[in-house]
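I opened my notebook for a quick look through this model. Here is what I looked up, entry by entry.

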Amino acid sequence: MRDAFSSYHPTVNLAYFAGIILLSMLLLHPYFLVFSFLGGLAYFLRLRGRGALRFCFLFLLPLMAAAAVLNPLFNHAGVTILAYLPDGNPVTLESICYGAAAAGMFGAVLLWFACCGDVMTSDKWIYLFGRIFPAQSLLLSMALRFIPRYQMQAGVISRSQACLGRGATGKGILRKARGGLRILSILTTWALENAIETADSMKARGYGLPGRTSFSLFRFDGRDRIVFFILMGLAAAAFWGLAAGAAGIRFFPSIHLPETTPSVVAIRILYPVLCFLPLILDAAEELQWTYIRSRL
Amino acid sequence: MQMQPSGPDRKSRRTVAATITAVLAPATVLAGVFLLGDRKYYFVSLLMVLYALILFGLAFERRRPQARELVIAAVLTALSVAGRSAFFMLPQFKPVAAIVIIAGVCMGGETGFLVGALTGFISGFLFGQGPWTPWQMLCFGGIGLLAGALVRQGILRRDRLSLCIYGGLSTFLLYGGVMDLASVLMTFPRLTWQALLASYAAGLWFNLVHALSTVFFLFVLSKPMIEKLDRIKVKYGLMEP
Amino acid sequence: MDVYQIKALSFTYPLASRRALFLPELCLGKGEFTVLCGRSGCGKTTLLRHLKPALTPHGESAGEILFFGKPLAELGLREQASRIGFVQQNPDNQIVTDKVWHELAFGLESLGTDSETLRLRVAETAGFFGIQGWFRESVSRLSGGQKQLLSLASVMAMQPEVLILDEPTGQLDPVAAGEFLDMVQRINRELGITVLLSEQRLEAVFPMADRVLVMDEGEIIADGSPREAGTRLEAMEHPMRYALPSPMQIYAGIKNNLPCPVTVREGRQWLDRLEIRPQVPASAGREKPDTLQKPDPPAIELREVWFRYEKPLPDVLRGLTMKIPGGVLYCIAGGNGSGKTTALSVMAGLLRPYRGQVCLGGEVLSGKAAGHGGMRLSMLPQSPQTLFVKSTVRADLLEMLEGGAISPGEREDRLRAVSELTEIAGLLSRHPFDLSGGEQQRAALAKVLLAEPQILLMDEPTKGMDGDFKLRLASILKELTGRGVTVVMVSHDIEFCARYADLCCLFFDGGMVSEGAPGSFFSGNSVYTTAANRMARHVFPEAVTAEDVIKRANAALGSR
């Protein structure tokens, strides 16, 4: 089932992901890291279901482990020396901590990017680009139209060539590669020659006239406005905390955590809400439906 | 009625470009230096990459590309993405860089950049978006842009050998170099030469395969592809490169 | 006021010696439904493209075209984009964006229409064309007919005053073509929009047309109502008369003073008024053609073949059993999705059935695709463009002969022989993509024939082709079957099958439902048969082609 947040206006989607990804990159304090990571993981699981686990174990964990191990090996800053490497460089507590934080940050950012890739479908990008990059957003739409067409045509060409005994089938890598290149070559000619008709069709429908508008099915309605203001407020608070040093952490030369002041506490309460916003919206919608159904 | 200037759009594009160069870029550097501490290198560089992509995009829009130009760029982009998924079983063995270079050589650096950047972006939809997407867009785009610029300057010739040399070097140094640099910036608090070296050593095999595959594809594809593109340009009276 | 007024228009392509277009005078009235017909290469497309300046080809032109009384050349880009709608032949090439709704809005976006108006226009258009069901779909998921309908809708969204269509149904099957043409007629009738349509399927469009223009070598040779144009063509004994609707052809072959029929219904009434006594079929019941009783093994035999593309998908072939004797032209007819093309691929060994056997020349086809059970087999795919690799036709043909132990002299001989057979000797130095559709099809056939196949499989070879090409193809195929080559073709083209096939069969739902020589085969069907048969079956049940009907009717009238 499609989640609730995906159905919001693309502007809301993009603003959210831009904000959360930037904050995940910048907030290296363990408290915030944990929430960035968990929020990303939970939303990713919601979006992909069981398929998400494969991504986590085969892709995410190894990369996080690498970041955690490599940091102390190659970064020797910090004052608390724990041991010396065979090449004589020190291993410091600070760099181990930074490595752990970097691994967490890495994981969170990758998860949020993956969510962003699922939610921000191509038509949302085309819509968002449409106003400021009209030609390039059209180009994107055209390329997306051509790709499945070319993949299908490659199959047709491959079968035609097989009729002549020259397909990509057969044994040996060399024969396969030669067949593949032959198909690519035929596909290129076909694509370029047929594209001229596409250009004619664009011209026939007035492409190139000044003052082109861009149409979309998306509408920024009341629901989008409310969520947009909420997320802007939350993100602003987090950035303010970051700028004021309340949410930050310093690793080098020695680890320094900010003091606990009322504003720090406030931000610590608000940031998790931002991280779990998509899931909160989803749950709210679910509740609403249960309520409607119970009244029937 | 006919030549109605598209006032607001053009003006707003110019404003955006000016804002980025005059305000946003310096502000980002300052904010990075004063506010961000340990994350400044990655953060500032990532934003700079995004600014560069936006500025390039604005410059392209300003030219108001014609329908045929746009269609050819879309065809080349789709071919390179489709080519990339055709060879999905062999990691790093892809015709993308080769097609981007050919696009730059035949259709000019701007189209080359566009084809490269768009291929990087669309690949993200098929193979997963990540923090590497903007860097990938910049690298592929840069390879195409440079190819076009060098041909225009007369430094790079359109024959098979020079294209293969350029292709190998640019994929290895430009693409491999910048992508590895990006991963170092992402992982480490600051740039140290040991970390960079280690990352290059780890990525050596990947980058080598990538460079060799580009050389291979250019060796096989460059001549017929350039002929085909030239034929289309002649047949339909397209612009000179 | 006339929509278009053309005065002394002439046009010559660059480097061409002959004029491609010469029109002393031509007017198109408001609200008219005009059909433009003619053999391919007669200048139809050139004329249509002259009526929309954005698409006018480069070349040397003279004369004047007025659009609503004003010179067309003075019409602004914006106006010509919105007021003159143009639909081309290939549905795939015309669609620009990846989503249906975006394609509908494309033209209006170009015109700079504001969001409110755009939303309304898109909604109206989608409603008129019945697109709501697939409004948010990706274009790649649409059928060919839906794509062409979308192209038409996206032009109509701009509310043009004239609609110009250049062979819009060339790539569609008969059912989709019928739906499309019905939609064009609705646009003309219900919205009053002037329509100018070029078309090969005259049977379908003549009843709709107010006016027919026939072109030949760049000039209009007949102009008038469908009846008048038809009579004129018959009087001139022009080759285009074979493309006329069957009732008109039959009418012309029989001496009478009644008005000319255009549709099958009118044809039946006309035959009744001639008062010909119904003929009882010579032999009741359906005889098996003697070709099937040949003792030697059939060239192709399928025994209870079952096939599906993926395990969870439904079966495409369901226990298909068929025998195709050697040296005949065998036509497979049937609707979309009946498994025709799949059956062809199974015969070619491109697809492997999960149950059942395929035998070629009596030998069971095994997994080795290279040796086709002792018989050489080639297949001509539906799109000839997928076969061309080189930049000239000649190089492309020679490429087929590479690898084998053939001397250069023999290569030239075989090249010459095949190019004479397929009549492409004059095209050898051209780029394959610069050829017309029919020429491409013949060049592709030449390439396939260089493998010297004993069995030739063809997928829709007459799709989008004119009568001239069909005549040539028929004579090439006759030559081949005369040499003992077995030709199997899949086709929607009933008229072609009826006229030239030795054997026909009908596919439905993954199996063969009937088979026979054209005479008995088509007279046994009551709907899936030729127009001539539908028109005359109550009088001459076994007459399948127009000539059959004319012959029998003249004999019956003469004996009276």
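Which residue forms a salt bridge with Glu79(C)? I found that Arg83(C) does, with the closest N and O atoms 2.7 Å apart. I counted a salt bridge when a side-chain nitrogen of Lys or Arg lies within 4 Å of a carboxyl oxygen of Asp or Glu. Glu79(C) and Arg83(C) are 4 residues apart in helix α2 (residues 77–83) of chain C, so about one helical turn separates them. Over all chains, I noted 40 salt bridges.

A note on sources: this is a predicted model, where local features need pLDDT of at least 70 and side-chain atom pairs count only at pLDDT 80 or more, while totals for chains, interfaces and linings use all residues. Residues are numbered from 1 along each chain as its sequence is written, chains are lettered from A and ligands numbered from 1 in the order written, and side-chain values use heavy atoms, leaving out hydrogens and water.

Next I turned to chain B. I saw the axes of α5(B) (residues 109–127) and α6(B) (residues 133–153) come within 7 Å and cross at roughly 155 degrees. Axes are lines fitted to C-alpha atoms, for helices over the stretch in contact, with angles from 0 to 180 degrees between N-to-C directions. Helices are DSSP runs of H or I, at least four residues, numbered from the N terminus. The two helices, α5(B) and α6(B), are therefore roughly antiparallel (angles over 145 degrees).

Last, I checked chain A: it divides into domain 1 (5–125 + 222–295) and domain 2 (133–204), with bounds from an automatic or database domain assignment. Their centres, taken over C-alpha atoms, are 41 Å apart.

Methods: Angles under 35 degrees count as roughly parallel, over 145 as roughly antiparallel, 65 to 115 as roughly perpendicular and the rest as oblique.
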